[in-house]
Amino acid sequence: MENSNKKSRRDFIRTGTRLSLLITLGAVGGIAAKNLTAEKYVWQIDPFKCTQCGRCATSCVMTPSAVKCIHAYDLCGYCDLCGGYLKPDANKLSTAAENQLCPTAAIQRRFIEEPYFEYVINEDLCIGCAKCVKGCTSFGNGSLHLQIIHKRCLNCNECSIARLCPSQAISRVNASKAYKVKGGFTKDTKA
Amino acid sequence: MKKWIKVSLIFAFLLFSLAGMAQQQRFPKPEFGTGYSQPTPITPEPRALALEYTDVVILLIVLSMASYFAIRKRSRKGLLWLSVFTLLYFGFYRDGCICSIGSIQNVALTLFDPGYAISITTLLFFLIPLVFTLYFGRTFCAGACPLGAMQDLLIVKPISLPEWLRKTLGIIPYLYLSLAVLFAATGTDFIICRYDPFVGIFRMDAEFHMVVLGIAFILMGMFVARPYCRFLCPYGVLLNWMSRFSKWHLTITPAACIQCKLCSDSCPFDAIDYPTDEKQSKNRTWGVNRFLVYALLIPLWIFIGGFAGSKAHTWISKANPTVYLAELLITKPDVRNDLKNLDVQAYLSSGKSMETLVKEATVIRRKFYTGGWIAGGFMGLVIGMTILRQVVYRKRTDYQPHKGNCYSCGRCMGYCPVKK
């Protein structure tokens with residue numbers, strides 16, 4: 001008799017604790033629910049805040065980085081002497097490797113008509129080092145800029161680049177506005 | 001007069017160049033005569049939201065199956081294949097992200113920072129395993145956690161650790177949890193994700209030191225079974241609390257224990273409690289006195305812990321980039337001339353005043369001070385309780401899994417000769 005009493009008391013305590021733990025979980029969920037969102041959030045680079053420090057290439061958990069250079073063609077001047085394509089101290093205005101700014105030759109230069117050239121980024125080669133972005137922003141129109149490519153981005157809980165970005169250019173945004181592509185010609189809210 | 005013209009010319013030039021800069025069109029886009037059509041940049045879509053909800057559904061299914069295998073079906077094989085699936089899906093396919101362990105930080109951040117929006121998926125990943133554990137024990141660890149699955153599948157020859165070592169190392173997860181919550185709540189860092197030893201293996205890509213850490217954990221795990229789960233996992237702390245009061249739990253024997261001792265060495269995690277030895281049971285008065293002394297010491301432990309935590313807050317808060325930058329600029333003003341320091345240069349060009357920066361840093365540091373007291377006090381409580389538990393004797397007549405520490409992996413069930 002005494003034994004069964006003891007057991008039921010222990011059971012009572014256990015059930016009581018279980019219910020209070022359940023209530024605690026409910027409370028945590030309830031408080032968190034105030035900030036709940038049904039939207040998906042992704043990481044995004046603001047090209048207007050970016051200072052082209054080069055950490056995107058080295059800090060991403062992916063190798064090569066999920067950050068790539070994107071070309072806003074509407075802003076491009078199609079220059080022959082491209083600040084994003086050629087090294088400032090290039091020997092010659094040519095496509096020779098030693099004259100190219102890009103360390104992986106990810107920018108392809110194509111002649112269109114005198115004196116204009118088209119520059120296309122090969123995303124598979126791009127490592128997101130922002131050297132071309134710096135060149136283009138300093139000497140050109142700033143049509144080359146970095147964006148996080150969401151096919152590649154793992155959407156980490158905390159972006160390891162955002163943590164180290166000196167200009168705080170990376171932030172979490174609604175997935176419906178995943179990209180911030182420069183220039184008004186593309187929907188800047190690429191749905 | 002000449003001078004005046006010069007000045008106005010310079011002015012006009014400046015105005016012109018400024019206008020040009022504002023438009024960001026130093027070189028206007030040409031009009032092409034050859035019918036050139038301009039390509040558009042490719043911007044692939046992020047992973048669809050519906051797939052995130054699929055993950056929640058899969059988690060629910062896996063947890064239900066794990067609980068069924070552990071409690072009703074009593075099938076180690078079922079649990080094993082379930083953990084293989086989890087490893088492949090949540091581990092290698094989903095690249096280890098999203099995971100319940102990391103979700104602690106999102107929940108902590110959203111509780112302290114109303115501006116942080118938490119997604120439904122993350123909140124559910126945090127809550128669902130805890131609720132399941134409250135009813136079925138830690139079946140999450142057995143079947144639904146990719147990190148646990150990884151370690152569980154790589155156990156080769158587990159050795160038994162002495163109790164004092166297990167208890168001492170067992171304090172680390174509490175420390176890790178309190179630091180993780182402190183860092184997340186102050187918006188500093190998500191350390192659980194950053195120092196996840198296995199995520200690099202899931203992604204087959206990580207920084208060098210994380211690769212070394214991951215391999216070290218796997219090698220260690222061959223002999224010390226599930227080292228991360230036992231001596232590091234912060235989510236395991238919460239699961240442990242829940243599991244202690246679970247309604248149902250995996251049992252070694254399907255019927256009554258016959259004390260054959262066959263299962264006594266079956267658990268690689270030393271999570272089986274042996275029957276208490278009547279002969280060795282200590283003097284009751286001695287035990288009660290000890291209990292009272294240790295219980296009265298707990299407030300002291302809490303105070304010591306809190307005091308130590310608050311003293312350490314200056315040092316810990318340096319992990320926050322704002323605090324670090326502010327302190328760097330104050331202690332080493334020369335750093336302003338260091339063009340290689342990107343953080344300082346970016347701050348200087350941002351135009352933010354030193355006053356604002358220091359004000360921000362002070363606010364964060366004050367949070368760390370309060371957080372240091374709370375986290376330290378919590379650690380004091382944990383240490384006090386660990387010591388207190390040394391003198392609590394509960395009479396056991398059977399071989400039972402320890403409800404808090406048992407991962408419900410089901411290895412012991414095969415050792416029991418008793419049939420239903």
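How many residues does the contact take from chain B and from chain A? It takes 53 residues from chain B and 56 residues from chain A. The model is a predicted one.

**Contact of chain B with chain A**
- On the side of chain B that touches chain A, five elements of chain B are listed as giving two or more residues: helix 2 (49-73), helix 4 (100-112), strand 1 (118-119), helix 5 (120-136) and helix 18 (342-350).
- Sorted by class, this side of chain B holds 30 nonpolar residues, 13 polar residues and 10 charged residues.

**Strands across the two chains**
- Strand 1 of chain A, residues 36-37, is joined to strand 1 of chain B by 2 bridges.
- These two strands run parallel.
- Opposite B:Ile118, in strand 1 of chain B, stands A:Leu36.

**Domains of chain B**
- Chain B is divided into domain 1, made up of 53-271 + 402-415, and domain 2, which covers 284-389.
- The centres of domain 1 and domain 2 of chain B, taken over C-alpha atoms, are separated by 28 Å.
- Domain 1 of chain B gives 12 residues to the contact between them, and domain 2 of chain B gives 12 residues.
- On the domain 1 side of this contact in chain B, helix 9 (residues 172-185) gives the most, with 7 residues.
- The residues on that side of domain 1 of chain B comprise 7 nonpolar, 3 polar and 2 charged.

Terms used. Residues are numbered from 1 along each chain as its sequence is written. Chains are lettered from A and ligands numbered from 1 in the order in which they are written. This is a predicted model: local features need pLDDT of at least 70, side-chain atom pairs count only at pLDDT 80 or more; totals for chains, interfaces and linings use all residues. Domain bounds come from an automatic or database domain assignment. Two residues are in contact if their C-beta atoms, placed from the backbone, lie within 7 Å. Helices (H or I, at least four residues) and strands (E, at least two) are DSSP runs, numbered from the N terminus. Ala, Val, Leu, Ile, Met, Phe, Trp, Tyr, Cys and Pro count as nonpolar, Asp, Glu, Lys and Arg as charged, and the others, Gly among them, as polar. Two strands pair if DSSP finds at least two bridges between them.
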